[in-house]
Amino acid sequence: MSIQAGTEGSAPVGAELGAPAQTPPSPDKGMFGVKGTGDVSGFGRLTRPRPAAFGSTRPFGGYFDDVYDALEEAYPALSEAIEKVVVDRAELTLHVRAEHIVEVCQVMRDDAALRFELCSSVDAVDYLGSDERRFHVTYQLTSMTYRRRVRLEVAVADGVSVPSVTRVYPTADWQEREIYDMFGVVFPGHPNLTRILMPDDWEGHPQRKDYPLGGVPVEYKGAEIPPPDQRRVYQ
């Protein structure tokens, strides 16, 4: 392998801000000059497009129609509560308006034809820049009686709260606290909505997309991880 050098006194090929250590002009450009791929590390060249979640039409297939019919019969306000139904990759997701989430969970748990007794997890994701309602909270429900799974999803804008479902599903207690800690979503009605992973006096919410990466002093070593737009890039 041969290395082609530039003429004497000229800048190295590829140098923009002073090779070999170059500071990328924005977090959208990663190591080795990689840009526009979604993978700013420069190693995997991965893209992470967000698939469009279009509403599905009847019939949904499998037991999904039975679940929807039973929920519609048990909860007359379903048409107001459900924004859309999405069936994708053999999974059923009901997109629920935030103000109806507790009532929908109550019916999903208690109705004899549904019996979704377990809320196995409550998660969240930040769609900053691609959705005005940037925070999506998802509830994974399991019916141990009928061996069925359904996902509920609630989308809210920054600063909009989501009612706590802990009185219906006590397992959501620590999970809602984690979402509050990491994303800043507030759950009114939660018995003890405090941080669970970060110290009580921590500023900000680390899993928000606009939370700064790096720049936090490392304890005991006196070192500091620089933010992405100040890291070295070798080319």
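This is a predicted model: local features need pLDDT of at least 70, side-chain atom pairs count only at pLDDT 80 or more; totals for chains, interfaces and linings use all residues.
Local features were considered only at pLDDT of at least 70 and side-chain atom pairs only at pLDDT 80 or more, whereas totals for chains, interfaces and linings use all residues. Residues are numbered from 1 along each chain as its sequence is written, and side-chain values use heavy atoms, with hydrogens and water left out.

The protein chain contains 4 helices and 5 strands. These elements are DSSP runs, numbered from the N terminus, with helices (H or I) having at least four residues and strands (E) at least two. Along the sequence, their order is α-α-β-β-α-β-β-β-α. Of the contacts in the chain with a separation of 6 or more, 48% are between residues 24 or more positions apart; a contact means heavy atoms within 4.5 Å.

The chain exposes about 14500 Å², and carbon and sulfur atoms supply 53% of this area. Accessible areas were computed by the Shrake-Rupley method with a 1.4 Å probe, and for residues only the protein chains shown count as cover. Of the 235 residues, 34% are buried. Here buried means under 20% relative accessible area, exposed means over 50%, and partly exposed lies in between (1.4 Å probe, protein chains only).

Side chains of opposite charge can pair when their charged atoms come close. The structure holds 11 salt bridges, each defined as a side-chain nitrogen of Lys or Arg within 4 Å of a carboxyl oxygen of Asp or Glu. One of them joins Arg151 to Glu91, with 2.8 Å between the closest N and O atoms. Arg151 belongs to strand S5 (residues 148-156) and Glu91 to strand S2 (residues 91-96), so this pair ties together parts that are 60 residues apart in sequence. Arg151 is buried at 18% relative accessibility, while Glu91 is partly exposed at 39%.

A network of salt bridges links Asp126, Arg134, Asp158, Arg208 and Asp210. Within this group, Arg134 and Asp126 form a salt bridge with an N to O distance of 2.6 Å. Arg134 is buried, with a relative accessible area of 7%, and Asp126 is also buried, at 1%. Asp158 and Arg208 form a salt bridge at 3.2 Å, N to O. Asp158 lies in the loop between S5 and helix H4 (172-183) and Arg208 in the segment after H4, so the pair ties together parts that are 50 residues apart in sequence. Asp158 is partly exposed at 44% relative accessibility, whereas Arg208 is buried, with a relative accessible area of 17%.
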